Amino acid sequence: MTLKVTPLLQLNGNTREAIQFYQKTLDAEVIAFLTYGEMPMDLPAEYKEMVAHAVIKVGQSDIMFSDSPFEPLREGDQVSICISTDDIEESKRIFNSLQQGGNVVMPLEATSFSPSFGTLTDRFGIRFTIVTADCHPGEA
């Protein structure tokens with residue numbers, strides 16, 4: 001079984017700008033980039049150019065990014081941890097354990113890009129995104 005933990009930065013529509021800033025500042029390389037318009041979803045036109053998923057490589061580490069058009073974020077809610085596994089049952093176990101005493105933001109369920117994907121805030125106020133399979137759809 002594979003288990004990977006990656007920081008996820010979510011922004012309110014300015015993800016492209018943040019990626020460009022971190023590319024320059026941290027000498028980062030974009031390794032994945034996917035807009036909401038490239039996903040099989042029926043969305044309002046203003047969402048289509050927003051970033052659904054992006055990953056930059058900083059040295060040996062990855063940082064994931066996403067715009068959050070469906071749920072405006074407050075300052076302090078923008079950083080979460082993505083836990084990626086290659087096993088649905090392990091994803092369910094982790095999600096169910098973390099949600100105890102916490103709050104489910106998006107239930108763990110199948111999506112167009114993962115057999116199980118969900119987001120929650122644990123009892124300590126830390127936001128986690130759990131995904132089965134690759135945490136990097138739309139690799140560049």
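Helices (H or I, at least four residues) and strands (E, at least two) are DSSP runs, numbered from the N terminus. Proline 7 is found in strand β1. The model is predicted: local features need pLDDT of at least 70, side-chain atom pairs count only at pLDDT 80 or more, and totals for chains, interfaces and linings use all residues. Residues are numbered from 1 along each chain as its sequence is written, and side-chain values use heavy atoms, with hydrogens and water left out.

The chain contains two helices and eight strands. Along the sequence, their order is β-α-β-β-β-β-α-β-β-β. The C-alpha atoms fill a box of roughly 40 × 35 × 30 Å along the principal axes. The radius of gyration, taken over C-alpha atoms, was compared with a globule rule of 2.2 Å times the number of residues to the power 0.38. For 140 residues, a compact globule would have a value near 14 Å; the chain has 15 Å, which agrees. Buried residues (under 20% relative accessible area; exposed is over 50%, partly exposed in between; 1.4 Å probe, protein chains only) make up 40% of the 140 residues. Contact means heavy atoms within 4.5 Å. Of the contacts with a separation of 6 or more, 58% join residues 24 or more positions apart.

Nonpolar cores were considered next. Such a core is a set of buried Ala, Val, Leu, Ile, Met, Phe, Trp, Tyr and Cys residues joined through side-chain atoms within 4.5 Å. The largest has ten residues: Leu9, Leu11, Ala18, Ile19, Ala28, Val51, Ala54, Ile56, Ile63 and Phe65. At least two residues of this core come from each of β1 (3–11), α1, β3 (51–58) and β4 (61–67). β3 gives the most, with three residues. A second, separate core has seven residues, including Leu8, Ala32, Met64 and Val131. Leucine 11 contacts Ala18, Phe65, Ser66, Asp67, Ser68, Leu73 and Gln78, leaving aside neighbours within four places in sequence.

The expected span of a helix is 1.5 Å times one less than its number of residues. For the twelve residues of α1 this gives 16 Å; the end C-alpha atoms are 16 Å apart, which agrees. The buried residues of α1 are Thr15, Ala18 and Ile19. These residues lie on the same side of α1, because they cover an arc of only 100 degrees around the axis. The arc is that of the directions from the helix axis to the C-beta atoms. An α-helix has 3.6 residues a turn, so residues three or four places apart point the same way. Glu17, Gln20 and Lys24 are exposed on the other side of α1. The cover over the buried residues of α1 includes β1, β2, β3 and β4.

Aspartate 27 follows α1. This residue sits in the loop between α1 (15–26) and β2 (29–35). Most residues other than glycine have a negative phi. Aspartate 27 is exposed, with a relative accessible area of 69%.

In strand β2, threonine 35 is buried, at 9% relative accessible area. Not counting residues up to four places away in sequence, threonine 35 touches Arg16, Lys48, Glu49, Met50, Val51 and Ala52. Proline 7 is partly exposed, at 36% relative accessibility. With neighbours within four places in sequence left aside, proline 7 contacts Asp62, Ile63, Met64 and Ser80.

Rings of Phe, Tyr and Trp (its six-membered ring) pair if their centres lie within 6.5 Å; planes under 30 degrees apart count as stacked, over 60 as edge-to-face and the rest as tilted. By this rule there are three aromatic pairs. Phenylalanine 113 and phenylalanine 117 form an edge-to-face pair, 5.0 Å centre to centre, with 75 degrees between the planes. Phenylalanine 113 is partly exposed, at 32% relative accessible area, whereas phenylalanine 117 is buried, at 16%. Ring pairs also link Phe21, Tyr22 and Phe65 into a cluster.

Glycine 125 is found in the loop between β7 (117–121) and β8 (127–132). This glycine is exposed, at 52% relative accessibility. The C-alpha atoms of glycine 125 and methionine 41 are separated by 30 Å, and the two residues are 84 residues apart along the chain.
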